[in-house]
Every structure is written in C-alpha cells, then in structure tokens.
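Okay, thanks for coming, everyone.

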Amino acid sequence: MSNPIYKSINITNLLLNPSNPRFNPVEHQAEAIGAMVLDQQDKLLVLAKHIILHGLNPSDLILVKPHNKQWIVCEGNRRVTALKLVNEPSLISSDFSKLRKDFQLLSMTVEKGLLENIQCVILDNEDEINEWVRLKHTGQNEGSGTVSWDGQQTSRFRAIAEGKPDMRLTFLDGLQHM
C-alpha cells in the first residue's frame, strides 16, 4: 500500500474522469461535463449551494491520480463538476438553459475564486484507487464500506444535532421502559 499525498490543487488542474461509471466513457472534458450535467442536472445545483454554504466535506476528500501536469478525479467528480460550473456556468450546454441560468445567478453571489484550490488526496496505484472507489460506492460490503443508519439511528442523530427530541423515539423509548 502506497502512502497517500495530500495537496491543495487548483480546480482548473482537475480533470473529470472520462471513464466515470456514472456515464459511458467519453474522450474530452467538455463531454465529461456534459454527461455529468445530463446525469445529475439539478442535483449539481443543490450540491453547489451546499458547498458554498458549508464548504467541502472535510471527511471526504477528492481522490485524484496524476495525469501529465494535471490530475484526473477518481472520486469526487460530482463535487468538482459543481465547483467548475459555479466558476464557469458557460460550461453548461444551452440544452439546459434553466440550469445554466441558475448557475449564473449562483456564480454572481459568491466570491470569485471561492474554493479555487481544494484539498485532494493523491494516489497513483490504480488497484488502490479502485478499492477506495469501490468501497465508497458499492454499499456496506459486509461492514468494510459505509454502513447506513436505520430510521431510529437517523432520528437519534437529528435529536442530538437539532437539540429537540424526536416524537417517534420518545414513544419507542416509553414502550421499552414499560
């Protein structure tokens, strides 16, 4: 196992993965962005707004591999696309005029260069990259992947985070103490 390298990289030096499993393989960056927009549409706008409001998730770094003097995004293509579209809404095809307009409006509300340089983790071993991407996107994997919370666990978290009890949990707790 190689040692990952952590580095702040300019968004313009990040290339979307042309072989992203979210869409059929493409040749060029414009096609990759177009395919991501087609696949995700308004979800990219929601993601961009969340990033602008909260920043990038520090527990989920962008995973990249070297490619000439740039970097191919192996994990985090949606986040990188959202940031690229905030910085340059004209990358959105005119076929998605409403989405393009929404990104133009969003772009005007943020400081230029916001999240221009983003923290990434660099790996160059394809097998290691594939293992981390597999683990992230293919479910619980018997416990080695991300194990989702059930309804009660989600309610408990919301009660803790929002500081107000969940009525369903209160009811269940009452039943357990009878």
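Let's start with Leu-14, which sits in strand β2, residues 14–15. Quick word on what you're looking at: this is a predicted model, so local features need pLDDT of at least 70, side-chain atom pairs count only at pLDDT 80 or more, and totals for chains, interfaces and linings use all residues. Residues are numbered from 1 along each chain as its sequence is written, and side-chain values use heavy atoms, with hydrogens and water left out. Helices (H or I, at least four residues) and strands (E, at least two) are DSSP runs, numbered from the N terminus.

So, is Leu-14 buried or exposed? Buried, with a relative accessible area of 0%; buried here is under 20%, exposed is over 50%, and partly exposed is in between, with a 1.4 Å probe and protein chains only. Leaving out residues up to four places away in sequence, Leu-14 touches Ile-9, Val-64, Trp-71, Val-73, Val-80, Lys-84, Ile-118 and Cys-120, where contact means heavy atoms within 4.5 Å. Lys-69 is 55 residues from Leu-14 in sequence, yet 9.9 Å away, C-alpha to C-alpha.

Next, the helices. The axes of α3 (residues 77–87) and α4 (residues 97–109) come within 8 Å and cross at roughly 75°. That makes α3 roughly perpendicular to α4, a label for angles of 65 to 115 degrees. Axes are lines fitted to C-alpha atoms, for helices over the stretch in contact, and angles run from 0 to 180 degrees between N-to-C directions. On the α3 side you have Ala-82, Leu-85 and Val-86, and α4 brings Phe-103, Leu-106 and Ser-107. By class, that contact has 5 nonpolar residues, 1 polar and no charged.

The largest pocket holds about 500 Å³ of space. A pocket is an open set of points on a 1 Å grid over the protein atoms alone, where a 1.4 Å probe fits, with protein on both sides within 12 Å along at least five of seven lines; lining residues have an atom within 4 Å of a point. Among its 25 lining residues, Arg-22, Glu-75, Gly-76, Asn-77 and His-137 are closest to the centre. Which helix gives the most to that lining? α5, with 6 residues. The lining splits into 7 nonpolar, 10 polar and 8 charged.

The second largest pocket has about 300 Å³. Its lining has 8 nonpolar, 2 polar and 4 charged residues.

Terms used:
Parallel < 35°, antiparallel > 145°, perpendicular 65-115°, else oblique. Nonpolar A, V, L, I, M, F, W, Y, C, P; charged D, E, K, R; others polar. Points joined across faces, edges and corners; volume = space filled by probe spheres on them.
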